[in-house]
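Visitor: I have a sequence and a model to look at. Could you take me through the fold in plain terms?

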Amino acid sequence: MLHYRKIDKTSLVFGLDWRIAQDRNDLKSILAEGEKPVAKIVQKTDSGLLAGIAYEPVKERSLPAAMVLAQMFESAVVFVPLDDQLAWLCAVHDHLPVPGRDLVLPMGNARDEALALASLFPTATLIGEIPGAALTAEDLWQGIESFLEDKESRKKLRKAWIARTKTAADHFRLALIVLLPVAAGTGYILWKQHEAERLARE
């Protein structure tokens, strides 16, 4: 499940499926498994490739929230509300999203998962509604806003954007843009031919 939040005019997307691959061939094999990806971003790492995958259409050009978090913290575990019912549970380590740990979950489920996740990363900065948290959810959102306002910080994320997925309606509009001028031009040519034939008969 994907979720979106606007901060400093930037759309953040939550809930990507992060995968680690040794190289492009390995990534191709991973992407061929199970559900077909709809959108993805791929980042080079010291050990290979990191891919963030979406299995549903991405509504708008967005920054993965997990990548922003990974730039801000070397290691962190986050459990923060996204709205009245959903929460974001995320872990980053070595400045990279942890595969399988960028999740949008019902609040109750996320709370239990957060406690288990925090125990796996004992040196991580705990953020949000986790016992012993160093930062609150409000601290996180304000920190992300400040980070995104900084030009140098945004440069670090220039290759991390995930594009809005083109829908069938987009492709239809593109086809109209291409075909309508062609149809209009063809219609004009046919009309000219018709006029020429009419004048010849007269």
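**Fold, core and packing**

Guide: This is a predicted model, and of the 202 residues of the protein, 40% count as buried.

Visitor: How many helices and strands are there in the protein?
Guide: A helix is counted from at least four residues and a strand from at least two. On that basis the protein has 6 helices and 10 strands.

Visitor: Which residues have the most contacts inside the largest nonpolar core?
Guide: In soluble globular proteins, nonpolar side chains tend to be buried together. Here the largest nonpolar core has 40 residues. At least two residues of this core come from each of S1, S2, S4, S5, helix H2 (65-72), strand S7 (75-81), S8 and helix H4 (137-149). The residues with the most contacts inside the core are Leu12, Leu69, Trp88, Leu140 and Trp141.

Visitor: What does Trp141 contact, leaving aside its neighbours within four places in sequence?
Guide: Trp141 is one of the residues with the most contacts inside the largest core. With those neighbours left aside, its contacts are Arg5, Ile7, Phe14, Val80, Pro81, Leu82 and Trp88.

Visitor: How are H2 and H4 placed relative to each other, parallel or perpendicular?
Guide: Residues Val68, Leu69, Gln71 and Met72 of H2 meet Leu140, Gly143, Ile144 and Phe147 of H4. The axes are 11 Å apart and the packing angle is about 85°. Angles of 65 to 115 degrees count as roughly perpendicular. The two helices, H2 and H4, are therefore roughly perpendicular.

Visitor: How many of the 8 residues of H2 are buried?
Guide: Buried means under 20% relative accessible area. In H2 this applies to Ala65, Ala66, Met67, Val68, Leu69 and Ala70. H2 is largely enclosed by the rest of the structure, because the buried residues number 6 of the 8.

Visitor: In what order do the 3 strands of the open sheet lie?
Guide: The edge strands, each pairing on one side only, are strand S3 (17-21) and strand S4 (39-45). S3 pairs with strand S5 (residues 48-54) in the antiparallel sense over 5 bridges, and Ala21 stands opposite Leu49 in S5. From one strand to the next the twist averages 20°. The order is S3-S5-S4.

Visitor: Which helix lies across S3, S4 and S5?
Guide: The helix in question runs at about 140° to S3. It spans residues 24-32 and is helix H1.

Visitor: Is Asp8 buried or partly exposed?
Guide: Asp8 sits in the loop between strand S1 (3-7) and strand S2 (10-14). Its phi is near 50°, a positive value in a residue other than glycine. The relative accessibility is 31%, so Asp8 is partly exposed.

Visitor: Where is Asp94 placed?
Guide: Asp94 also has a positive phi in a residue other than glycine, near 55°. Its place is the loop between strand S8 (86-93) and strand S9 (96-106).

Note on methods
Residues are numbered from 1 along each chain as its sequence is written. This is a predicted model: local features need pLDDT of at least 70, side-chain atom pairs count only at pLDDT 80 or more; totals for chains, interfaces and linings use all residues. Side-chain values use heavy atoms; hydrogens and water are left out. Two strands pair if DSSP finds at least two bridges between them. Axes are lines fitted to C-alpha atoms, for helices over the stretch in contact, and angles run from 0 to 180 degrees between N-to-C directions. Contact means heavy atoms within 4.5 Å. Buried means under 20% relative accessible area, exposed over 50%, partly exposed in between (1.4 Å probe, protein chains only). A nonpolar core is a set of buried Ala, Val, Leu, Ile, Met, Phe, Trp, Tyr and Cys residues joined through side-chain atoms within 4.5 Å. Angles under 35 degrees count as roughly parallel, over 145 as roughly antiparallel, 65 to 115 as roughly perpendicular and the rest as oblique.
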